[in-house]
Amino acid sequence: MLRFIFILLVTNLAVAQQPSKEDSLVGSLTPEKSWWNLLSYDITIKPDCRTKTITGNNQIKYKVISEGPAELMQIDLIKPLVIDSVIQNGRELSFQNKGNIWYVSGTKKRKNKKYTITVYYSGKPVESQSPPWDGGFVWGKDSLNRPWISVACQYKGASLWYPCKNMLYDEPDEGASISIITPPSLNAIGNGRLVKQQRTSDGDMQYTWKVVNPINHYGISFYMGNYVNIKKNYTGTKGKLSMDYWVLDYNKQKAEDHLIPESIQAMKSLEHWFGPYPFYEDGFKIVEAPYIGMEHQSAIAYGNNFTKGTYKGNDVSKTGWGKKTDRIVIHEMSHEWFGNSITAGDIADRWIQEGFAGLAEELLLSDLFGKKPGEEFLSGRYRTIENDKPIIGRYGINEDGSSDGYVKGWAVIHMIKTIINDDEKFLKILHGLNTQFYHKVVTTKEIENYINIQSGINFNIVFDQYLRTSQIPVLEYFITDHKLQYRFTNCVNDFTMPIKIIGIEDWLSPATSWQSYDLKNMIDEVDIDPNFYIKISKLKE
């Protein structure tokens, strides 16, 4: 799904860490990546639990989109994994290595033609020390000390464990398959549907899973362990949807009692607010994982101990509402819409995925308990925002945006929802996003423009303030002669945003210059409606 979306780096880079040459080679559209469009992956992998090594290959199907002089093909694979050989049409191709970048020579490249190369590789992959946050292989053990293996690689990318075009902007249009070779005592789950299960000549088992929809590279994953399967059917907005649950054998009853009802209520809410589940053809799965969770497309990783709240039942909001649902279920499921179907084309724009996932948590609470609890849940999260740097990272260098993209990104969308002040219109915007950008990669600007047009309100200055700076607007005010005098400071030039003040019926639209409002009732202090993430400062006259 080739989209040339890279733009100049954002301003204020003088104080930022300079990207390495390798960062730029991975994150930017190099000549060695621009001439070919990725069509599909066909991955085969055999993990060895004893040595913590893997062997495998990836058949990469591509289409030539521009001809030129014997260009190299860039393949990404992070050391200590190494490429052993590259084959095309039975012919071995030469390649050279520069760090984690591999350049293949002699590939077929006639314009508009489709070709396949098979990349054979092996080695000891990077092992995650704090999955899923740092990325890498997870060589885990279940409570019975049996092997329990998976991989999570959102931040560094899939080249941590298989050779690929490690860029979000180019998804395999025709989907992907993954074959996992396991000892006979284990079984293996991958994305999509199981298309083949067979015994190998060595007595191992090989499980082949396949998705027919486009998929981002970090959304491809697998799980090995002592799993059992629970099958359910759900009647969704597009008809029958298969919902499968793969959990460790001793957790089957917990899945029946907790995981299934939590995911069904989440699916109902998500289809209402976001539109149809985007991958009916590939089915829906939740797989128990040896880490808290990850949005692997049609094979969501779940590790929240079958409890409500976040990990170990925590409520980060400290409002009580965070313990009313299993937040990992709703959060990771929502990524099927925002993250997997609609994917940020550069990880610098990851707030798109995480902000809408936060909104999904709020919307589910609203569906279950009313609008107020959802709003209180968000305002309880404001204190976790660090404002250490802008939400949007630097483009073209594979740099993740700020972790504030989770809550602050959610707050931006919530404030827009509040300003629109029409739930039906907002619902149509959410559905429209999932129609307009169905199975596409996007930029922040595309999301901004769509919301502006469909809402009929220009939110550009709001997006600039909250996404591209770390400053939080301060409403300065003083009261004199039954008049409220107010303005915004600590903000971008010409910033303005409609807000509500508790006890004042009318909406106010503060700007950077002083304004006046005639008070109907005398008040001494002003409090901001908690639906708005701003600060307030009372001045002396």
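The following dialogue goes through terms applied to this predicted model and the values behind them.

Biologist: What do the numbering and the values rest on?

Modeller: Residues are numbered from 1 along each chain as its sequence is written, and side-chain values use heavy atoms, with hydrogens and water left out. This is a predicted model, in which local features need pLDDT of at least 70 and side-chain atom pairs count only at pLDDT 80 or more, while totals for chains, interfaces and linings use all residues.

Biologist: Why are α3 and α5 called roughly perpendicular?

Modeller: The axes of helix α3 (residues 252-274) and helix α5 (residues 351-369) cross at roughly 110° and come within 10 Å. Axes are lines fitted to C-alpha atoms, for helices over the stretch in contact, and angles run from 0 to 180 degrees between N-to-C directions. Angles under 35 degrees count as roughly parallel, over 145 as roughly antiparallel, 65 to 115 as roughly perpendicular and the rest as oblique. The two helices are therefore roughly perpendicular to each other. Helices (H or I, at least four residues) and strands (E, at least two) are themselves DSSP runs, numbered from the N terminus.

Biologist: Which residues make the contact of these helices?

Modeller: From α3 come Gln-265, Ser-269, Leu-270, Trp-273 and Phe-274. From α5 come Phe-356, Ala-360, Leu-363, Leu-364, Asp-367 and Leu-368. Contact means heavy atoms within 4.5 Å. These residues divide into eight nonpolar, two polar and one charged, where Ala, Val, Leu, Ile, Met, Phe, Trp, Tyr, Cys and Pro count as nonpolar, Asp, Glu, Lys and Arg as charged, and the others, Gly among them, as polar.

Biologist: What makes Glu-174 and Lys-114 a salt bridge?

Modeller: The term needs a side-chain nitrogen of Lys or Arg within 4 Å of a carboxyl oxygen of Asp or Glu. The closest N and O atoms of Glu-174 and Lys-114 are 3.7 Å apart, so the pair meets the definition. Glu-174 lies in the loop between β10 (147-152) and β11 (176-182), and Lys-114 in strand β8 (residues 114-123), 60 residues apart. The whole structure holds 23 salt bridges.

Biologist: Why are β16 and β19 said to stand at the edges of their sheet?

Modeller: The five-strand open sheet has the order β16-β17-β18-β20-β19. β16 (227-236) and β19 (293-294) each have a single partner strand, so one side of each is left without a neighbour in the sheet. Within the sheet, strand β18 (residues 284-288) pairs in the parallel sense with strand β20 (residues 300-302) over three bridges, and Glu-288 stands opposite Tyr-302. Helix α4 (residues 327-334) packs on the sheet, touching β18, β19 and β20, and its direction makes about 165° with that of β20.

Biologist: Which way do the side chains of β3 point?

Modeller: In a regular strand the side chains alternate between the two faces of the sheet. From strand β3 (residues 73-76), Met-73 and Ile-75 point one way and Gln-74 and Asp-76 the other, and all are buried. Four bridges join β3 to the antiparallel strand β7 (residues 101-104), with Gln-74 opposite Tyr-103.

Definitions and conventions: Buried means under 20% relative accessible area, exposed over 50%, partly exposed in between (1.4 Å probe, protein chains only). Two strands pair if DSSP finds at least two bridges between them.
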